[in-house]
Amino acid sequence: MSYTREQFALDLRRECVDAVVRSSEQSLQNPPGRKPAKRLVTLSKWYRSLDEEQQQTCRQLMEYIAEASLFSTLTVLDGASLIAEDLRDADLRLTLEKDGEELLLSSSEHSADLGSDLHELMFPSPE
């Protein structure tokens, strides 16, 4: 399989951070639907009252929060964080299977030698 763990981490980042921030900002600019949720309407009014610099700061905050959420989720999948004491000795594995080929993306089993953890791979290194 030509797909890699690194590509998976970057694809997750694109869909769970970048796309979420972009769509959230669009919803703040123009809440979707005929009758948007009251909370979204309130947030939209507040967001549109901000000047461009404050909106940019808000976008940065949304990105930071989205990154932190994905990072935290990946630390659980990698076994770096424990979500329940009852699961301390369990092995949580994330695999991708396509055309009969399987790629181990993440394992909480510390003996699984995967090189880098997914939570490390979500931040691309500058080239």
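Which residues form a nonpolar patch on the surface? In this predicted model, the patch is made up of Leu61, Tyr64 and Ile65, which together have about 340 Å² of accessible area.

## Overall fold and dimensions

The protein chain contains four helices and two strands, and from the N terminus on these elements follow the order α-α-α-β-β-α. Its radius of gyration is 19 Å, well over the 14 Å that the globule rule gives for 127 residues, so the chain is more spread out than a compact globule. Taken along the principal axes, the C-alpha atoms of the chain fill a box of roughly 50 × 40 × 30 Å.

## Burial, surface and contacts

Of the 127 residues in the protein chain, 28% are buried. The accessible surface of the chain comes to about 9,000 Å², and carbon and sulfur atoms account for 51% of that surface. When contacts between residues at least 6 apart in sequence are considered, 57% of them join residues at least 24 apart.

## Tyr64 in the patch

Tyr64, one of the residues of the nonpolar patch, lies in helix 3, which covers residues 52-78. Tyr64 counts as exposed because its relative accessibility is 56%, and the cut-off for that class is over 50%.

## Ile83 in the loop

Ile83 is located in the loop between helix 3 and strand 1, the latter covering residues 93-98. With a relative accessible area of 62%, Ile83 is exposed. Ile83 and Glu120 are 37 residues apart along the chain, and their C-alpha atoms are separated by 19 Å.

Conventions: Residues numbered from 1 in each chain as written. Predicted model: local features only at pLDDT ≥ 70, side-chain atom pairs only at ≥ 80, totals over all residues. Heavy atoms only, no water. Patch = residues over 30% accessible without salt bridge, like charges linked within 9 Å, V, L, I, M, F, W, Y side chains within 5 Å. Areas by Shrake-Rupley, 256 points an atom, 1.4 Å probe, with all protein chains shown as cover. Salt bridge = Lys/Arg side-chain N within 4 Å of Asp/Glu carboxyl O. Buried < 20%, exposed > 50% of the residue type's maximum accessible area, 1.4 Å probe, protein only. Rg over C-alpha atoms; globule rule 2.2 N^0.38 Å. Contact = heavy atoms within 4.5 Å.
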